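Here is a friendly walk through one protein model, with an eye on its charged pairs and its surface. Please have your viewer ready.

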Amino acid sequence: MADERSRAFEQAALARAQRGRGGQSAAPSLRTAVPQREAPRRKPQEKPRIVKGPGLTKEEQEAERKARSRYVQRIILCALLIFSMLGSLMYMRARISELGRERAELAETLEECRSEKIRLNMQLMARISPERIERIATQELGMSKYRESMRYIADVNTDSAKVFQFVAPPADDGQ
């Protein structure tokens with residue numbers, strides 16, 4: 001450790017001397033004139049040589065080529081399968097959204113039809129009210145309500161019927 005300190009001190013003194021600081025001369029001192037050891041240089045490592053054995057036979061090369069081809073085909077098939085699944089998923093979501101909008105429109109139309117049905121039923125009930133039918137029968141068709149004094153006579157030969165009103169004779173009170 002002391003050796004390292006002295007070496008560091010010498011290097012610092014040499015650096016000051018070369019820069020001309022501290023009032024010292026630019027000449028190296030005796031202490032720093034000692035040549036320093038250079039770190040041993042490392043030889044660049046050589047890359048290991050790859051020694052190829054005897055080449056593959058044509059059958060082995062063909063088998064290896066087919067194996068690589070099958071591997072690539074499987075990757076492409078998996079990619080196509082994934083893309084088709086994603087495509088069908090996107091289509092289904094779009095279709096669900098479209099059907100939801102259509103359902104909302106149909107619900108709105110159904111509600112309009114229900115309100116129209118209620119309106120038409122009320123209008124029908126107003127047209128077939130008993131008071132209106134009686135008024136049309138008496139005023140426009142000249143009919144009258146059934147009374148006890150009316151008799152209905154049907155003629156079978158002519159398929160017609162007539163209503164006659166009989167006037168009851170006045171009752172005798174014994175006077």
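R68 and E64 sit 4 residues apart in helix α2, so about one helical turn separates them. Helices here are DSSP runs of H or I with at least four residues, strands are E runs of at least two, and both are numbered from the N terminus. The two side chains form a salt bridge, with their closest N and O atoms 2.8 Å apart; the term asks for a side-chain nitrogen of Lys or Arg within 4 Å of a carboxyl oxygen of Asp or Glu. Side chains of opposite charge can pair when their charged atoms come close. E64 is partly exposed, at 39% relative accessible area. On this scale buried means under 20%, exposed over 50%, and partly exposed in between, using a 1.4 Å probe and protein chains only.

This is a predicted model, in which local features need pLDDT of at least 70 and side-chain atom pairs count only at pLDDT 80 or more, while totals for chains, interfaces and linings use all residues. Residues are numbered from 1 along each chain as its sequence is written, and side-chain values use heavy atoms, leaving out hydrogens and water.

The whole structure holds 4 salt bridges, including these:

| Pair | Closest N to O distance |
|---|---|
| E62 and R65 | 2.4 Å |
| R68 and E64 | 2.8 Å |

E62 and R65 are 3 residues apart in helix α2, which means about one helical turn lies between them. E62 is partly exposed at 33% relative accessibility, and R65 is partly exposed at 44%. E116 and R119 also lie in helix α2, 3 residues apart, about one turn. Their relative accessibilities are 34% for E116 and 42% for R119.

What about nonpolar side chains on the surface? I82, F83, L86, L89, Y91 and M92 form a nonpolar patch with about 650 Å² of accessible area together. Patch members have over 30% relative accessible area and no salt bridge; nonpolar side chains (Val, Leu, Ile, Met, Phe, Trp, Tyr) are joined within 5 Å, like charges within 9 Å. One of the members, F83, lies in helix α2 (residues 58–127) and is exposed at 60%.

Stepping back, the protein has 3 helices and 2 strands, in the order α-α-α-β-β from the N terminus. Of its 175 residues, 3% count as buried. The protein exposes about 17700 Å², with carbon and sulfur atoms supplying 58%; areas come from the Shrake-Rupley method with a 1.4 Å probe, and for residues only the protein chains shown count as cover.
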